[in-house]
Amino acid sequence: MVPDLTQLSGLDLHGGAPSAVTLTARIAHGLSSDKEERRAQSARLTQMWSEALTVWKDVEAAGRFLVRPHPMLEDRMPVDVVIQSAASANLVSDILRRLKHGSAA
């Protein structure tokens with residue numbers, strides 16, 4: 001069963017793409033008070049959602065990846081790592097690239 005990504009990550013699995021409203025709601029829950037940083041967080045989430053869909057080609061599988069703790073991220077959820085910073089988002093992006101090419105744990 002796929003967790004409710006609308007609440008956990010701001011990703012809308014049912015529409016197949018992140019909802020701007022739910023992405024904004026995710027970020028508004030105290031993740032940043034700076035408008036520019038909120039925009040950057042939304043952009044990173046949108047990019048990761050797109051990358052995850054490219055890897056799995058399945059909405060539910062991509063969603064599960066983003067909300068499950070990952071050992072290569074010190075058991076943090078990729079969605080939380082992506083929101084943290086651009087450098088952190090690169091870690092998730094690297095995992096997705098490795099998965100795509102068959103070399104990630």
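This is a predicted model: local features need pLDDT of at least 70, side-chain atom pairs count only at pLDDT 80 or more; totals for chains, interfaces and linings use all residues.
Phi of Glu74 is near 55°, which is a positive value in a residue other than glycine. With a relative accessible area of 66%, Glu74 is exposed.

Asp75 is found in the loop between H4 and H5 as well. Its phi is near 60°, again positive in a residue that is not glycine. Asp75 is exposed, and its relative accessible area is 54%. The table sets out the two residues.

| Residue | Phi | Relative accessible area |
|---|---|---|
| Glu74 | near 55° | 66% |
| Asp75 | near 60° | 54% |

**The chain as a whole**

The chain has 105 residues, of which 39% count as buried. Its accessible surface comes to about 5,900 Å², with 53% of that belonging to carbon and sulfur atoms. If we take the contacts in the chain between residues at least 6 apart in sequence, 47% of them join residues at least 24 apart.

**Helix H3 with helix H4**

Now to the helix pairs. Helix H3 covers residues 35-56 and helix H4 covers residues 59-67; the two pack at an angle of about 125°, and their axes are 8 Å apart. Angles over 145 degrees would count as roughly antiparallel and those from 65 to 115 as roughly perpendicular, so H3 and H4 are oblique to each other. Their crossing is right-handed. On the H3 side the contact is made by Met48, Trp49, Ala52, Leu53 and Trp56, and on the H4 side by Val59, Ala61, Ala62, Gly63, Phe65 and Leu66.

**Helix H3 with helix H6**

H3 also meets helix H6 (residues 86-100), and here the axes come within 9 Å and cross at roughly 10°. Angles under 35 degrees count as roughly parallel, so H3 is roughly parallel to H6. From H3, the residues taking part are Arg44, Met48, Glu51, Ala52, Thr54, Val55 and Trp56; they meet Ala86, Ala89, Val92, Ser93, Leu96, Leu99 and Lys100 in H6. The residues of this contact of H3 with H6 divide into nine nonpolar, two polar and three charged.

**A closer look at Glu51**

Glu51 is placed in helix H3. Is Glu51 buried or exposed? Buried means under 20% relative accessible area, and Glu51, at 18% relative accessibility, therefore counts as buried. Which residues does Glu51 touch, once those up to four places away in sequence are not counted? They are Ser93 and Leu96, and both of these belong to the H6 side of the contact with H3. Val92 is another H6 residue in that contact. Glu51 and Val92 are 41 residues apart in sequence, while in space their C-alpha atoms are 9.7 Å apart.

Notes:
Residues are numbered from 1 along each chain as its sequence is written. Side-chain values use heavy atoms; hydrogens and water are left out. Axes are lines fitted to C-alpha atoms, for helices over the stretch in contact, and angles run from 0 to 180 degrees between N-to-C directions. Helices (H or I, at least four residues) and strands (E, at least two) are DSSP runs, numbered from the N terminus. A crossing is left-handed if the near helix is turned anticlockwise from the far one by less than a right angle, and right-handed if clockwise. Contact means heavy atoms within 4.5 Å. Buried means under 20% relative accessible area, exposed over 50%, partly exposed in between (1.4 Å probe, protein chains only). Accessible areas come from the Shrake-Rupley method with a 1.4 Å probe; for residues, only the protein chains shown count as cover. Ala, Val, Leu, Ile, Met, Phe, Trp, Tyr, Cys and Pro count as nonpolar, Asp, Glu, Lys and Arg as charged, and the others, Gly among them, as polar.
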